[in-house]
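Trainee: I am new to this structure. Can you show me how to read it, one feature at a time?
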Amino acid sequence: MNLTANRLFALRLAVSLLQGVAVWALYDSAPSLDRSTGSALWSCALFVPTAAIAGLGNLQLRTLVLWIAVAAVLCLGLGYHAGWREDGPDSLREAFFLATLNACLLGLLFVCQSLVVAGEADRRWIATFPTYFDVAWRHATQLALAVLFTAVFFGFLLLGAELFELIKVGFPRRLLQSSWFWLPAMTVSFAVAIHFTDTRTAMVRGARTLVLGLLAWLLPLLTLIAVGFLAALPFTGLEPLWATKHATSILLTTAIALILLINSHFQDGSAESQRFAFLFHSRALAVLALLPLTVLAVVGLKLRVDQHGWTPSRIVALA
């Protein structure tokens with residue numbers, strides 16, 4: 001979509017403001033909504049406009065409209081289904097349910113958005129690996145910076161409210177406590193951060209390079225731990241591992257962490273010759289350690305399923 005910087009900024013602000021109004025309306029009417037409808041509308045209001053804001057300027061209009069329609073169907077459908085399956089009036093349980101649902105949707109939409117933007121950048125259905133790497137890590141860096149900017153923004157607003165409280169002016173504090181103000185302010189500040197990071201690609205790439213460089217130096221440590229663990233298994237046997245009753249989750253978490261650190265060092269594969277040999281060999285060992293860790297996780301999952309059957313968490317572990 002070919003837009004000038006000013007028009008793109010105005011459009012993102014407009015979408016974020018509409019998102020803030022929608023979130024405020026849902027927040028205000030939450031007690032009157034049943035769980036299925038509420039979770040569907042909350043998921044849609046939180047994520048679909050955010051996907052649109054991130055897609056503006058990076059996707060052609062036809063692709064953007066199609067992707068937003070798919071994202072809306074995903075959010076409404078999965079949100080409604082999750083709310084329909086969940087029962088019980090407990091507020092703490094409901095908060096945990098919504099947090100889990102939205103965390104899963106965030107991961108799903110993040111991956112889908114990265115795939116769509118990368119495919120659009122390469123003008124093909126399946127993009128090249130360097131493009132996937134660049135787009136996914138750029139989005140991750142933008143998301144982290146936007147969350148940080150929004151938190152600092154509200155921190156300064158709270159500081160200002162405290163200053164006015166010193167002279168007995170309570171209007172700023174009351175304003176910050178009003179949902180009609182702080183919810184749209186949150187969505188607008190988040191959109192401002194997304195726009196700024198989207199137009200400062202060199203800055204985002206610099207922050208990404210710094211983070212990945214630091215993560216890459218954690219690879220030898222985790223590789224040493226994983227290889228040491230695997231080397232100790234012949235001496236300890238597998239019984240102590242299965243006796244913990246949560247071996248599969250720990251093994252999968254270790255494998256996920258190894259994959260993250262391997263990717264942090266490999267990056268897009270364009271500068272292999274310029275990297276330290278020590279890190280290169282650590283990465284090779286980490287890759288070899290992934291297979292036995294995953295096999296052990298599968299065995300542990302099978303044992304638990306044989307004992308107690310399938311549960312939602314075990315289905316997630318299988319996936």
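Trainee: Is Arg 205 buried, partly exposed or exposed?

Mentor: A word first: this is a predicted model. Buried means under 20% relative accessible area, and exposed means over 50%. Arg 205 has a relative accessible area of 34%, so Arg 205 is partly exposed.

Trainee: Which residue forms a salt bridge with Arg 205?

Mentor: Asp 134 does, and the closest N and O atoms are 3.2 Å apart. The pair links distant parts of the chain. Asp 134 sits in helix H5 (residues 129-166), Arg 205 in helix H8 (residues 201-216), and 71 residues separate them. Asp 134 has a relative accessible area of 17%, so Asp 134 is buried.

Trainee: How many salt bridges does the structure hold?

Mentor: Eight. Take one that joins Arg 12 and Asp 198, at 2.8 Å from N to O. This pair also links distant parts of the chain. Arg 12 belongs to helix H1, Asp 198 to helix H7 (residues 179-199), and they are 186 residues apart. Both Arg 12 and Asp 198 are buried.

Trainee: Where do Lys 302 and Asp 306 lie?

Mentor: Both lie in helix H12, four residues apart, which is about one turn of the helix. Lys 302 and Asp 306 are both exposed. Salt bridges can also share partners: Arg 12, Arg 138 and Asp 198 are joined that way into one network.

Trainee: Now helix pairs. At what angle do H1 and H2 pack?

Mentor: Angles over 145 degrees count as roughly antiparallel. Helix H1 (residues 5-29) and helix H2 (residues 35-55) pack at about 175 degrees, with axes 10 Å apart. H1 and H2 are therefore roughly antiparallel. Residues in the contact include Arg 12, Val 15 and Leu 26 of H1, and Leu 41, Trp 42 and Ile 53 of H2. By class, the contact has eleven nonpolar, three polar and one charged residues.

Trainee: How do H9 and H12 cross?

Mentor: The axes of helix H9 (residues 219-236) and helix H12 (residues 277-308) come within 9 Å and cross at roughly 45 degrees. H9 and H12 are therefore oblique to each other. The crossing is left-handed.

Trainee: Which residues of H9 and H12 meet?

Mentor: Among them are Leu 219, Phe 229 and Leu 233 in H9, and Phe 278, Arg 283 and Leu 296 in H12. The residues of this contact of H9 with H12 divide into 14 nonpolar, two polar and one charged.

How values were computed
Residues are numbered from 1 along each chain as its sequence is written. This is a predicted model: local features need pLDDT of at least 70, side-chain atom pairs count only at pLDDT 80 or more; totals for chains, interfaces and linings use all residues. Side-chain values use heavy atoms; hydrogens and water are left out. Axes are lines fitted to C-alpha atoms, for helices over the stretch in contact, and angles run from 0 to 180 degrees between N-to-C directions. Helices (H or I, at least four residues) and strands (E, at least two) are DSSP runs, numbered from the N terminus. Angles under 35 degrees count as roughly parallel, over 145 as roughly antiparallel, 65 to 115 as roughly perpendicular and the rest as oblique. Contact means heavy atoms within 4.5 Å. Ala, Val, Leu, Ile, Met, Phe, Trp, Tyr, Cys and Pro count as nonpolar, Asp, Glu, Lys and Arg as charged, and the others, Gly among them, as polar. A crossing is left-handed if the near helix is turned anticlockwise from the far one by less than a right angle, and right-handed if clockwise. A salt bridge is a side-chain nitrogen of Lys or Arg within 4 Å of a carboxyl oxygen of Asp or Glu. Buried means under 20% relative accessible area, exposed over 50%, partly exposed in between (1.4 Å probe, protein chains only).
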